[in-house]
Amino acid sequence: MKEFRLDQLEAERMAHDGAYLRFLNERTMSAGLYALDAGQQDGQRPQRQDVVNFVLSGRASLTVGGETTTVARGSVVFVPAGVQARFHHITEDIRVMVVFSPPEG
């Protein structure tokens, strides 16, 4: 069993001065913690994997392909492989658990 605590993951992410921390990498999937502060720009590019974004905290708009929605704590958004997705109009620091399948390279 592998167990993770969000507070520990956030501390590790911050210690490495990055917006993204991959904390799980298995044969069929990987997962990470993605963080953007209010007003920050999201520089994501289309991913080669299917992605599930689970918003842990914060508030922002998320555009996937040509569709835009508002996301906040508890929002879950699927992004198919190859489709552009980006967070914008980030009004509250946002933390997102991101699950990739197949795993990131």
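Predicted model: local features only at pLDDT ≥ 70, side-chain atom pairs only at ≥ 80, totals over all residues.
**Exercise 1. Strand partners**

Which residue in strand 6 does V64 stand opposite?

Step 1. Go to V64 and look across to strand 6: the residue opposite is A85.

Step 2. Strand 3 and strand 6 are paired over 12 bridges, in the antiparallel sense.

Step 3. Turn to strand 4, residues 67-72. Six bridges join strand 4 to strand 3, and the two run antiparallel.

Step 4. Look at the turn. Strand 3 and strand 4 make a hairpin that has two residues between them, and G65 in this turn shows a positive phi of about 60°.

Step 5. Finish with strand 5, residues 76-79, which runs antiparallel to strand 3 and is joined to it by four bridges. In strand 5, F78 is the residue opposite V52.

**Exercise 2. Charged pairs across the chain**

Step 1. Begin with E26 and K2, whose closest N and O atoms are 2.4 Å apart. E26 sits in the loop between strand 1 (20-25) and strand 2 (30-36), while K2 belongs to the segment before helix 1 (6-15), so this pair ties together parts 24 residues apart in sequence. Is each partner buried or exposed? E26 is partly exposed because its relative accessibility is 33%, and K2 is exposed because its value is 54%.

Step 2. Move on to R22 and E104, which form a salt bridge at 3.6 Å from N to O. R22 is in strand 1 and E104 is in the segment after strand 6 (85-101), so distant parts of the chain, 82 residues apart, are linked. With a relative accessible area of 36%, R22 is partly exposed. E104 has 17% and is buried.

Step 3. Take D37 and R95, with closest N and O atoms 3.3 Å apart. The loop between strand 2 and strand 3 (50-64) holds D37, and strand 6 holds R95, so the pair ties together parts that are 58 residues apart in sequence. D37, at 37% relative accessibility, is partly exposed, whereas R95, at 14%, is buried.

**Exercise 3. A closer look at E10**

Which residues are linked with E10 in a network of salt bridges? Place E10 in the fold and describe its contacts.

*Solution.* 

Step 1. E10 is found in helix 1.

Step 2. Check its accessibility. Buried means under 20% relative accessible area. E10 has 17%, so E10 is buried.

Step 3. List the contacts. Leaving out residues up to four places away in sequence, E10 touches L33 and R95. With R95 there is also a polar contact between the two side chains, at 3.0 Å.

**Exercise 4. Nonpolar cores and rings**

How many residues does the largest nonpolar core have? Say which elements build this core, then look for aromatic pairs.

*Solution.* 

Step 1. The largest nonpolar core has 17 residues, and V71, F87, I94 and V96 have the most contacts inside it.

Step 2. Strand 2, strand 3, strand 5 and strand 6 each give two or more residues to this core. Strand 6 provides the largest share, with seven residues.

Step 3. Zoom in on V96. Not counting residues up to four places away in sequence, V96 touches G32, L33, Y34, N53, F54, V55, L56 and F87.

Step 4. Look for another core. There is a second, separate one of seven residues, including F23, L24, A31 and L33.

Step 5. Now the rings. In general, two things describe a pair of aromatic rings: the distance of the centres and the angle of the planes. This structure has four aromatic pairs. Through ring pairs, Y20, Y34, F87 and F100 are linked into a cluster.

Key. Residues numbered from 1 in each chain as written. Heavy atoms only, no water. Salt bridge = Lys/Arg side-chain N within 4 Å of Asp/Glu carboxyl O. Buried < 20%, exposed > 50% of the residue type's maximum accessible area, 1.4 Å probe, protein only. Pairing = 2+ DSSP bridges. Core = buried A, V, L, I, M, F, W, Y, C linked by side-chain atoms within 4.5 Å. Contact = heavy atoms within 4.5 Å. Phe/Tyr/Trp six-rings, centres within 6.5 Å; stacked < 30°, edge-to-face > 60°. Polar contact = N/O pair within 3.5 Å; in protein donor to acceptor, adjacent residues only side chain to side chain.
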